[in-house]
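Work through these exercises with the model open beside you. Try each task before you read its solution.

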Amino acid sequence: MIPASTVPRLIGSVAYSPNVVTVWEGMRAYFTGTDTPIDFVLFSNYGRLVDALIGGTVDLAWNTNLAYVRTLLQTKGACRALASRDTDVVFQSVFVSRAGTGFDGLEAVRGRRLALGSRDSAQAAILPLQYLHEAGIGDDDVTLMRIDSDVGKHGDTGRSELDALRAVLDDRADAAAIGVNTWQAITRGEIMTGAIESFWMSPEYSHCTFTALPALSTEWAEAWLADLFAMDWENPDHRAILELEGLRRWVPPNLDGYGSLIAAVAEQGIPDRW
Amino acid sequence: MVNHGLVLDLIDRLGRIPAGSTVTLDVMSGTADAGEIADNIDMIATWCRASGNALVESRHDAVVVRHGRSPDTLAGLHPDQVPGTRLWMYTNFDCNLHCDYCCVSSSPQADRRALGADRVARLAEEAEPAGVRQLILTGGEPFLLPDIDELVASCTAHLPTTLLTNGMLFRGARLERLRRMDRERLTLQISLDSATPEQHDAHRGPHSWERAVAGIGLALDEGFDVKVAATLPAEQTHEVAPFKAFLGTLGIRPENQVIRAVAHQGAAHDGIELTVESLIPEVTITADGVWWHPVSATDASQFVRREIFPLADAIADVRRRFVRHREAADRAADWFPCS
């Protein structure tokens, strides 16, 4: 049992939506009632957040998959992933086109116009290109339309993906690559039936994860994780936070799920800091 | 043809605002075709239902969507305040007194407008299945009715019941009617405004205080649970310690002492202003129909509907209107932030 501490650990997160404040105020309130209190600080972009983690300004970073991989590379593998959302360990990228185009796989985009999300979005730019490359489709085999609507936030706002979808609807692009969360959001109620359809879904990979450096004691981290995993969807107070952050429960990270992104970052020469 | 891009616009805009805030989305999007606009609205409504966002208003040219579900207005209330938990019935409007602040202008000259034994019995029967937990009979002065004991019996047979009275008529046949009432299921709520006669009599008439106090004593002696309710100008409602001490000497328990402010309704020339926007409803039935609240049962602006039955429908109607008012107030708050 960790004795109650009067000094909360500091968690860094990126302000990608107004609701982030509500989420972290809720998290802080929840952990105030535990032996592992936290406070939080918000950053405008993931580059700053990773810098703050490595610089010791924050104890933990709520990282995207790209931010985790960058931290991993900059710390030469010393950082640790601690926990993810249940939705993070089954993330996918989705290729979509107008309904009725007959696209039936990645090969269909050869020679076509493909809209991608922000260039630092793993789900809507980096990994889709990686999947194309693995399928033997090079950058010169498609006309790429990069929509950098929210660079710095690693696609978290979803804005660039919505812009990519608009490009498809407006016939400025033949296909778009988006994250499965955006795909699920736009297809609620099956309203996109007859307008947009998916023609390829990627294997599952890992997305966001709490990241710590070795300076954070294992004992504290384990106690904090026990408190984190105790958040309960059936508890209305917890649920309000979980719902806003897009999960039903916190889970251990799936480290294997970062392999495809690590390979993509290396192959595409993604810089350490963005 | 439906414009799917509207959903993309909506998701984008919702992502930029905090949960609980609203966005107004133009659904015409360059078209004047009424069918196309209706299709756009249908699509937005379908998406909102499926995505857990709330379509709170639909106009001919735009929709208002709340980020996330609308707060459950009823769940936010104390269980006792949920409309329909208590059912008020005006048995009659005539009264032996002519109080100058009566919220429904009762007096000896007022028409009786009796609800009647049949309707009271049916209301009592339908009440519990409709979620009502307490029945409250009021007037006018209910003891003017020759069948008040039957009305009360039909209520106490189903639910705990409170009967409001001025306590001044417990004599002769009326006393016998009182004695026939179920002491286990009935609470008598007797009106008394002050610890001494002056204030009470000034509003209710000479010697009314003395008779009300006597009525309280009689009801207690008869073994009834007795509440005492005072109606005071709002500025006096915090200066009640001497009055409460007096009620204690009469044997009225603290939890049975009710202090309420004069409302600007009925015969009252002034008092607190109560509107459907500011008043949590308490479903109230009169001979004329269903009203928002017992304090405003003659205020046309607070008339809900003529159809009393089925009672469950009447309660549902009041709840729907209440939720609508609260949502409108929330939207107004969105538009007019105070800081």
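Predicted model: local features only at pLDDT ≥ 70, side-chain atom pairs only at ≥ 80, totals over all residues.

Residues are numbered from 1 along each chain as its sequence is written, chains are lettered from A and ligands numbered from 1 in the order in which they are written, and side-chain values use heavy atoms, leaving out hydrogens and water.

**Exercise 1. Find the domains of chain A and of chain B.**

Step 1. Chain A splits into domain 1 (9–88 + 206–268) and domain 2 (92–201). Such bounds come from an automatic or database domain assignment.
Step 2. The C-alpha centres of these domains of chain A are 27 Å apart.
Step 3. Look at their contact (heavy atoms within 4.5 Å). Here 18 residues of domain 1 of chain A meet 14 residues of domain 2 of chain A.
Step 4. Chain B has domain 1 (5–70) and domain 2 (79–312). Their C-alpha centres are separated by 47 Å.

**Exercise 2. Work out how helix H5 of chain A lies against helix H1 of chain B.**

Step 1. Locate H5(A) at residues 159–169 and H1(B) at residues 5–15. Helices are DSSP runs (H or I, at least four residues) and strands likewise (E, at least two), numbered from the N terminus.
Step 2. The two axes come within 10 Å and cross at roughly 170 degrees. Axes are lines fitted to C-alpha atoms, for helices over the stretch in contact, and angles run from 0 to 180 degrees between N-to-C directions.
Step 3. Therefore H5(A) is roughly antiparallel to H1(B), a label for angles over 145 degrees.
Step 4. Among the contact residues are Leu162(A) and Leu165(A) on H5(A), and Leu8(B) and Ile11(B) on H1(B).
Step 5. Sort the contact residues: 5 are nonpolar, 1 is polar and 4 are charged. Nonpolar covers Ala, Val, Leu, Ile, Met, Phe, Trp, Tyr, Cys and Pro; charged covers Asp, Glu, Lys and Arg; the others, Gly among them, are polar.

**Exercise 3. Describe the lining of the second largest pocket.**

Step 1. A pocket is an open set of points on a 1 Å grid over the protein atoms alone, with protein on both sides within 12 Å along at least five of seven lines; lining residues have an atom within 4 Å of a point.
Step 2. This pocket is lined by 39 residues, and those nearest its centre include Cys103(B), Thr231(B) and Arg260(B).
Step 3. Strands S4 (86–90) and S9 (257–261) of chain B are among the elements giving two or more residues to the lining.
Step 4. The lining has 21 nonpolar, 12 polar and 6 charged residues.

Note on methods:
Parallel < 35°, antiparallel > 145°, perpendicular 65-115°, else oblique. 1 Å grid on protein atoms, 1.4 Å probe; cavity = no way out; pocket = protein on both sides within 12 Å on 5 of 7 lines; lining within 4 Å.
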